[in-house]
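Please look through the sequence and the structure shown below before reading the briefing that follows. The points are grouped by topic, and each can be checked against the picture.

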Amino acid sequence: MTQARSFPQRLIALVFTALCALTALALAPPARAEIEVNVNRGDVQPLPIAVPAFAGGQVGADIAQVISANLQRSGLFRPLDPASFIEKDLSAAVQPRFADWKTINAQALVNGQVTVEGGKLRVDFRLWDTFQEQQLLGLQFTSSPENWRRVAHKISDAVYQRLTGEKGYFDTRIVFVAESGSRASPVKRLAIMDQDGANPSYLTSGDSIVMTPRFSSNSQEITYMSLTPEAATVYLFNLETARRESLGSFKGMVFAPRFSPDGGRVAFSVERGGNSDIFVMNLANHSSTRLTSDPAIDTSPSFSPDGTKIAFNSDRSGGPQIYVMNADGSNPRRVSYGDGRYTTPVWSPTGEFIAFTKQTGGQFHIGVMRPDGTDERILTSSYLDEGPTWAPNGRVLMFSRETPGGPPRLWSVDVTGRILQPAPYPGAGSDPAWSPLLN
Amino acid sequence: MVRRKNSRTLLKLALVGVAAASMAACAKKPMPVTQQPAPPPAAPPPTPQPPPPAVTQQPTGPLPGSTQDFVVNVGDRVYFDTDQYTVRDDAMPLLDAQSAWLRRYPGVQVRIEGNCDERGTREYNLALGARRANSVRDYLVSHGVSADRIATISFGKEKPIDDGSGEDAWQKNRNAHTAIVSGAR
């Protein structure tokens, strides 16, 4: 990377290097030959960025803090310590003193100001390339004052997209299962929080065990399963209206639901007489179609983002492995051939990977592979990791991790495996589901 | 035991009394008779006479046909090998006893709950637990229990009976539990 190259190109190069690190072994040399590909993923250094408090009082400082934390957690940026800043009290209306920012090696600068007028919150912000001395982005957001965190997330997404060339994932939420009680008598409640852990709240009372919530990829709707001694039932739940609806009653257990990419169908497993097969239901008329009829376990269906294929889990060859079939159930074929047990396939929103849980050597791993099973890459390893969910841009996975005898916790890892960290939720949680970007 | 020993002592006392009486009966030649009251028989050495032990009372075990009867006298849980769902040989005597008990009490409805250890992922374990529950159900049906008396469910790995993390705990958690739903005394 040369000094002459412009700033966004530098960061795009960083991201590209990470992606190439992921796939270099199998891909042909990338078309963008000017970018130096280094398969040593430790070479990716986060980009130094300055996010001084926005002008306009406490809410301005709070917004800058949320942006800074978002960028930091992405692993691609290194927000600088505000104590090192030379230029103080910036205004969004005045060009920054670039020399002051270059001195502390802030390669990018985000500044802004907040005004509250007539009960409305207005936030102006600018993103600067300090070395090129150029404005990269200037946007204004208006909302209600209590909505300041979402404004901060939207600014974070704008900065992320401008500098990486990929959509952000900060204005999103996580639905998960908050756990309490003993292991033998667990209390499991659906809960929701912002992706940065703010605004946690419960969605269900804990009367029945709930698990495996999943977001529709284009609406604020989830599907999940509820387990009582009498029945396993799949529900649809609209987060905006709080309306809950059963998928319908089936003879046998109903579990492992997941939306089609257009949100119009749900694929799931039905168990009859001990045999689990995959069905799909059209939500418009509640008609369901059976997609598999193998005597093996067939479960955990996950649509490809174009809706044409379904990855699923089956033990038809012995142990559990990942298969891909056409969305009508035809042409199932095994795609995982590594050593171990493969479960919970989840197609990435970009379509380029299938994430999975793998068990081998007494450990659990989260990994990704190409949809044809090539380029398997193990991202994590622990006593018990399971249930990955993708951020809407396909860059980050969240999953749950347990230590022996301990409660499950939410963790995240980026798709290169380089940035592994606990999710910002302090309690016991499992089965995270990442929302699409809010509107 | 104590009681029997006591009664033996009483019997001995009686015999001594009879012997004393017969000895008195075959005494010497007739003599001028001065009638006197016969001397009392020699008193035997005093024997301690503890009060009879108390009789304790308690129920005669679980009421036949009750849930407790089933759990205590039959057994409500059988275990499986890792990743397996076929009924193990060592589980068959217990399931034979379950089916005999269920045939004797035909009004009882049961639910077989399949369980798994934590060394698997959630959805796969739900499916595996369903297989285990149905293996037990099929066994009971093949031994004469009507299928419409048996419901099944899988708890996957959600309800471990041992919250440890090691092979001992995992073995306990790979099971099928026969829960009585209704009809027991």
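Among the contacts in chain B between residues at least 6 apart in sequence, 76% join residues at least 24 apart. The model is a predicted one, and the values given here are computed from it. Chain B has 185 residues, of which buried residues make up 37%.

**Chain B: overall layout and one crossover**

- The secondary structure of chain B comes to 5 helices and 4 strands, and when read along the sequence these follow the pattern α-α-β-α-β-α-β-α-β.
- Strand β2 (residues 109-115) of chain B runs parallel to β3(B), and 6 bridges join the two strands; in one of these pairings, B:R111 has B:A151 in β3(B) as its bridge partner.
- Between β2(B) and β3(B) the chain passes through helix α4 (residues 122-142) of chain B, and this β-α-β crossover is right-handed.
- Strand β3 (residues 150-156) of chain B is largely enclosed by the rest of the structure, because 5 of its 7 residues are buried, where buried means under 20% relative accessible area.

**An open sheet in chain A**

- In chain A, 4 strands form an open sheet in the order β9-β10-β11-β12, and the pairing is antiparallel.
- The edge strands of this sheet are β9 (209-215) and β12 (244-246) of chain A, each of which pairs on one side only, and neighbouring strands are turned by 25 degrees against each other on average, with direction ignored.
- Strand β11 (residues 232-238) of chain A is joined to β12(A) by 3 bridges and runs antiparallel to it, with A:Y235 standing opposite A:S246 in β12(A).
- Helix α4(B) lies across β9 and β10 (221-227) of chain A, and it runs at about 130 degrees to β9(A).

- β25(A) pairs with strand β26 (residues 396-402) of chain A in the antiparallel sense over 5 bridges, and the bridge partner of A:L384 in β26(A) is A:E402.
- These strands, β25(A) and β26(A), form a hairpin with 5 residues between them, and A:G394 in the turn has a positive phi of about 75 degrees.

**Pocket and cavities**

- Rolling a probe the size of a water molecule over the atoms shows where empty space is left.
- The largest pocket has a volume of about 730 Å³, and of the 39 residues that line it, the closest to its centre are A:F215, A:S217, A:W347, A:P349 and A:W390.
- The elements that give two or more residues to the lining of the largest pocket are β9, β13 (254-259), β17 (298-303), β21 (341-347), β25 (384-390) and β29 (429-434) of chain A, together with α4 of chain B.
- The largest share of that lining, 5 residues, comes from β25(A).
- The structure also holds 2 cavities of 30 Å³ or more, and the largest cavity has a volume of about 140 Å³.
- Of the 17 residues that line the largest cavity, the closest to its centre are A:R73, A:V396, A:S412, A:Q421 and A:W434, while α2 (58-74), β26, β27 (409-414) and β28 (420-422) of chain A each supply at least two residues of the lining.

**Individual residues in chain A**

- Most residues other than glycine have a negative phi, and most peptide bonds are trans.
- A:T212, which is found in strand β9 of chain A, has a positive phi of about 45 degrees although it is not a glycine, and this residue is buried, with a relative accessible area of 3%.
- A:E133, found in the loop between β4 (120-129) and β5 (134-143) of chain A, also has a positive phi, of about 55 degrees, although it is not a glycine; at 41% relative accessibility, A:E133 counts as partly exposed.
- A:G118 is found in the loop between β3 (108-117) and β4 of chain A, and at 83% relative accessibility it counts as exposed.
- A:G118 and A:N147 are 29 residues apart in sequence, and they lie 15 Å apart in space, taken from C-alpha to C-alpha.

Technical notes. Residues are numbered from 1 along each chain as its sequence is written. Chains are lettered from A and ligands numbered from 1 in the order in which they are written. This is a predicted model: local features need pLDDT of at least 70, side-chain atom pairs count only at pLDDT 80 or more; totals for chains, interfaces and linings use all residues. Side-chain values use heavy atoms; hydrogens and water are left out. Buried means under 20% relative accessible area, exposed over 50%, partly exposed in between (1.4 Å probe, protein chains only). Two strands pair if DSSP finds at least two bridges between them. A crossover is right-handed if, with the strands pointing away from the viewer, the path from the first strand over the helix to the second runs clockwise. Axes are lines fitted to C-alpha atoms, for helices over the stretch in contact, and angles run from 0 to 180 degrees between N-to-C directions. Contact means heavy atoms within 4.5 Å. On a 1 Å grid over the protein atoms alone, a cavity is a set of points where a 1.4 Å probe fits but cannot get out, and a pocket is an open set with protein on both sides within 12 Å along at least five of seven lines; lining residues have an atom within 4 Å of a point. Grid points are joined across faces, edges and corners, and a volume is the space filled by probe spheres set on the points.
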